[in-house]
Amino acid sequence: MTTIGFLGAGRMGTALVAALCRTGRTVHVWNRTAEKAQALAAFGARPERTPEAAVAAADIVMVNLLDYVASDALFQRPEVTEALKGRLLVQLTSGSPKTARDTGAWATVKGIDYLDGAIMATPDFIGGVETQILYSGARDRYEKYEAVFAALGGKSAFVGEDFGVASALDGALLAQLWGTLFGTLQATTIARAEGIALDDYAASLKLFRPVIDGAEVDLLSRVRDGRDRGDEATLATIAAHNTAFQHLRHIVAERGLNPAITDAFDSYFAAAIANGHGNDDFAMLASYMVSQ
Ligand SMILES: NC(=O)c1ccc[n+]([C@@H]2O[C@H](COP(=O)([O-])OP(=O)(O)OC[C@H]3O[C@@H](n4cnc5c(N)ncnc54)[C@H](OP(=O)(O)O)[C@@H]3O)[C@@H](O)[C@H]2O)c1
């Protein structure tokens, strides 16, 4: 069975190491704060005193630190670089596509095989059959160790040889997550300001959810196909959206709420309408995301 070196035992690293240990794999783990690595001995992991010791004992090396500044500093320690040579390095730290490409290029120059991963889950989902972790880089390396990746997430997938693709997908999916979470914050703020119980709001949201999901699916396919002109299948024109949206702005103004988000949305509607797109589909706003 593959032996794993693991660098990083924070919240996510701990969940990843525990999942690997549960499958009976040997995991040599190092963490800057040694107590966190030592605590993983309870799952059967082997704590190491230095990162190079964890690397040297392993077939493949996985890394989950706070950011690429921390992981790059670690990789560039001469003793760590030397130990990584000839091994597969799997970067599970979150970063941008550029940082993934830069680290992948550095690894290639140093004779280190590299995969860049993006974890689309919180720690409680690690090891689940439906959990998605995305990997890009060396395809043959991914295929060789697919069983290890499946132990961390049953829906793990190889998404491309460009080192940056996993991080790029991560960015897009997180944009969706934060859009939803900020939407929830805004909705609860309005409900509270208007004296609506949040349980009542939640009950209405449940019934409204299929409408939201349907509009999202429709928008995605329209943007994909470039069907941004208003047509007979348009659910609501930009002008119709904007009329309803202005009511939201009125609530925000009347209740003295923070208008930062509504002002930002308003700028997209205003620009599109000023350019004569009032009768077009909401999908037309996609071009305003790229530039004004
Ligand atoms: N938590 C999530 O839900 C989640 C979901 C998806 C992806 N991720 C990603 O997973 C990574 C870890 O997140 P986390 O939630 O586990 O964070 P965390 O609990 O704060 O853990 C951070 C880890 O990075 C280490 N670290 C920080 N700075 C370091 C440095 N300069 N040198 C060496 N080690 C350093 C910490 O070591 P110490 O223990 O010594 O501080 C710890 O092991 C991040 O890239 C995050 O974006 C997290």
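A word on the source before I start: what you see is a predicted model.

I'll take the overall layout to begin with. The chain is split into domain 1, residues 4-162, and domain 2, residues 194-290. Taken over C-alpha atoms, the centres of domain 1 and domain 2 are 40 Å apart.

Now to helix 1, which covers residues 11-22. From its first C-alpha to its last, this twelve-residue helix reaches 17 Å, close to the expected 16 Å. Why do we call helix 1 largely enclosed by the rest of the structure? Because nine of its twelve residues are buried, and buried here means under 20% relative accessible area. The buried residues are Met12, Gly13, Ala15, Leu16, Val17, Ala18, Ala19, Leu20 and Cys21.

What covers them? The cover includes four strands, namely strand 1 (4-7), strand 2 (27-30), strand 4 (60-63) and strand 6 (113-120). Helix 8, residues 146-152, is also part of that cover. After helix 1 comes Gly24, which has a positive phi, near 85 degrees.

Next, helix 9, residues 165-193, and in it Trp178. Is Trp178 buried or partly exposed? Trp178 has a relative accessible area of 47%, so it counts as partly exposed. Trp178 also belongs to a nonpolar patch on the surface, together with Leu177, Leu181, Phe182 and Leu185. The accessible area of these residues together is about 510 Å².

Methods:
Residues numbered from 1 in each chain as written. Predicted model: local features only at pLDDT ≥ 70, side-chain atom pairs only at ≥ 80, totals over all residues. Heavy atoms only, no water. Patch = residues over 30% accessible without salt bridge, like charges linked within 9 Å, V, L, I, M, F, W, Y side chains within 5 Å. Areas by Shrake-Rupley, 256 points an atom, 1.4 Å probe, with all protein chains shown as cover. Salt bridge = Lys/Arg side-chain N within 4 Å of Asp/Glu carboxyl O. Helix = DSSP H or I, 4+ residues; strand = E, 2+ residues; numbered from the N terminus. Buried < 20%, exposed > 50% of the residue type's maximum accessible area, 1.4 Å probe, protein only. Domains from an automatic or database assignment. Expected span 1.5 Å × (residues − 1). Contact = heavy atoms within 4.5 Å.
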